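Please read it with the sequence and the coordinates open.

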Amino acid sequence: MTVVARGAAIYASTLPLPKRTNLPTTENYSESEVVLNLAYEPVWAETTTLVAGKVERKPKGTQSIEISIQSESNHWDSGWIPVKDDYFEFDAYLLEDTTNKFWIYARDEKGNDLTPNPEKIIIRHGLTLSEPPLPHTIGVEVINNDRKKEIDIIFSRSTPLPAFKNITYTAKKTLTPGLNDDYLAIKIWEGENLADPEANNIVGALKIRSEEIRRPIPEGADIEISIEISTSRLMKVQAFVPVIGQYFQERVYVPKESEDIVVEKVKEVDREIDNHLERIVNLNEFAQEESSASNIKKELNEIRMKLEELTEENKRYQNKSSNDPDDAKRVIEKSKEIRGDLSRIENDISVKRKFSIVLRELREYRAITQEVVTTWGGTSIDKKEFELLNYEADKKVDEENERALIKITKDMDNLRWRILFEQDWYIRQVFEELCENRESFVNIQESQRLIALGQGAISRGDGDTLKEIIKGLWELLPKSTVQAEEEERFEPGIKRK
């Protein structure tokens, strides 16, 4: 068995399945059939080639299935291959420089013959043509710093095959050995909607399960992921966790969506259209409130037109007497495109709202710091520092540099506190306010001791000692609910290193 066959075999959802008998539709499906979805190379230069398959449907009441493949020339047969989790694979042996036909057989757990569909595959031994590049982007789902899910690109669209890449992420939470149903998931997607993973096609997932690890994987630990795609678009995915010295790989097989699955999936588009319309209404409400949202209004009008076209095309499809899988796929893809467009606008609005909050906080802290500097700023250094901070703030506002503005706001606040803590009256005021809330301290006995020391410092006029006592009392205050929840919160999955 090849290395790829032993690894996590993940088929991109656009994987061409040449020489594959179409799956039966709902109309011609027989209850006695085992419906198989097969992937293989129709032309292969070596004498062995991998064939992988998934059981799409099986007769009711069937508990287990075995598959056997036999060459028409009787030069080779696979023996009975057990199907595990609806998947199976084998290496077929080819006669050189000829066309090889293989017949497929199936039986249930009692040895009763079942009817496979398709019943045969044909593979020609000979030189192969070069494979086309990836038709869509391949990426993994990560959680960003705002705790939002997005796709991190591994292979860009049009990447030539074969392709290989190593990339390191970090664990988003601690994984402890032995915890049931706990895991770190590495989800792989195909598509161009990076801001909304579910608007793309799921390719597969590799799970690092808690019952498989020998030692804990701490939050933030490196996870080295390697992904290899062969010319036949077989994908091998492997994860290595250096802190525990373990490799992980999971057998996943995701062939191209069969025609009957596409026909079933298009039935969900009616519900998706309603969801799209509701999201457009909500986004329009935001656009009406924001005077600077003219571009958003224009984009929403364009998306609304796309939605009207989708609605009409979906109606035409539903009214047809026969279900054309190609028409169904076009309807599904248009719905995904609209979902991706809406997700992108929602993400942009989220960023703009956050920037708006940062600007509001900057204005507030700038005003109160201005008052403190003007009234109590005793040195020219304080005034010069505030002047420089204002200059930097104006520059970063023009650049829309959110991170820099957050730092400048914090620096302004620190300047304000530093000036105030040089004022004896303010230090006494802070101490008196802390004394009024003495019942709220987490350690009453220690707080009483510090308060007594503070009162002595005031009587002696010892401002430096009083400052240290105030810091000690602050440390005895309980954490806010928000702080406590923040420390406890963790999310599954991986994040960028």
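1. The structure is a predicted model, and in it α6 and α7 pack at an angle of about 160°, with their axes 10 Å apart. The pair α6 and α7 is therefore roughly antiparallel. The crossing of α6 past α7 is left-handed.

2. On the α6 side, this contact is made by Asp382, Glu385, Phe386, Leu389, Asn390, Glu392, Ala393, Lys396 and Val397. On the α7 side, the residues are Ala404, Leu405, Ile408, Asp411, Met412, Leu415, Arg418 and Ile419. By class, the contact of α6 with α7 holds 10 nonpolar, 1 polar and 6 charged residues.

3. From α9 the contact takes Ser447, Leu450, Ile451, Leu453, Gly454, Ala457, Ile458 and Arg460, and from α10 it takes Thr465, Leu466, Ile469, Gly472 and Leu473. These residues divide into 8 nonpolar, 4 polar and 1 charged.

4. Which residues touch the most other members of the largest nonpolar core? They are Met412, Phe431, Ile470 and Leu473, in a core of 31 residues. At least two residues of this core come from each of α5 (325-376), α6 (380-399), α7 (402-420), α8 (424-436), α9 and α10. Met412 is also one of the α7 residues in the contact with α6, and Leu473 is one of the α10 residues in the contact with α9.

5. Phe431 deserves a separate look. Not counting residues up to four places away in sequence, Phe431 touches Ile451, Gly454, Gln455, Ile458, Leu466, Ile469, Ile470 and Leu473. Among these, Ile451, Gly454 and Ile458 belong to the α9 side of the α9 and α10 contact, while Leu466, Ile469 and Leu473 belong to the α10 side. A second, separate core has 30 residues, including Val142, Ile154, Ile188 and Val241.

6. Beyond its neighbours within four places in sequence, Phe421 is in contact with Tyr426, Ile427, Lys467, Ile470 and Trp474. Phe421 and Lys467 are 46 residues apart along the chain, and their C-alpha atoms are separated by 7.9 Å.

7. Leaving aside neighbours within four places in sequence, Val266 is in contact with Asn314, Tyr317, Gln318, Ala328, Val331 and Ile332. From Val266 to Val331 the C-alpha distance is 7.0 Å, across 65 residues of sequence.

8. For the protein as a whole, there are 11 helices and 19 strands. Of the 497 residues, 43% are buried. Among contacts with a separation of 6 or more, 69% join residues 24 or more positions apart.

Note on methods: Residues are numbered from 1 along each chain as its sequence is written. This is a predicted model: local features need pLDDT of at least 70, side-chain atom pairs count only at pLDDT 80 or more; totals for chains, interfaces and linings use all residues. Side-chain values use heavy atoms; hydrogens and water are left out. Contact means heavy atoms within 4.5 Å. Helices (H or I, at least four residues) and strands (E, at least two) are DSSP runs, numbered from the N terminus. Ala, Val, Leu, Ile, Met, Phe, Trp, Tyr, Cys and Pro count as nonpolar, Asp, Glu, Lys and Arg as charged, and the others, Gly among them, as polar. A nonpolar core is a set of buried Ala, Val, Leu, Ile, Met, Phe, Trp, Tyr and Cys residues joined through side-chain atoms within 4.5 Å. Buried means under 20% relative accessible area, exposed over 50%, partly exposed in between (1.4 Å probe, protein chains only). Axes are lines fitted to C-alpha atoms, for helices over the stretch in contact, and angles run from 0 to 180 degrees between N-to-C directions. Angles under 35 degrees count as roughly parallel, over 145 as roughly antiparallel, 65 to 115 as roughly perpendicular and the rest as oblique. A crossing is left-handed if the near helix is turned anticlockwise from the far one by less than a right angle, and right-handed if clockwise.
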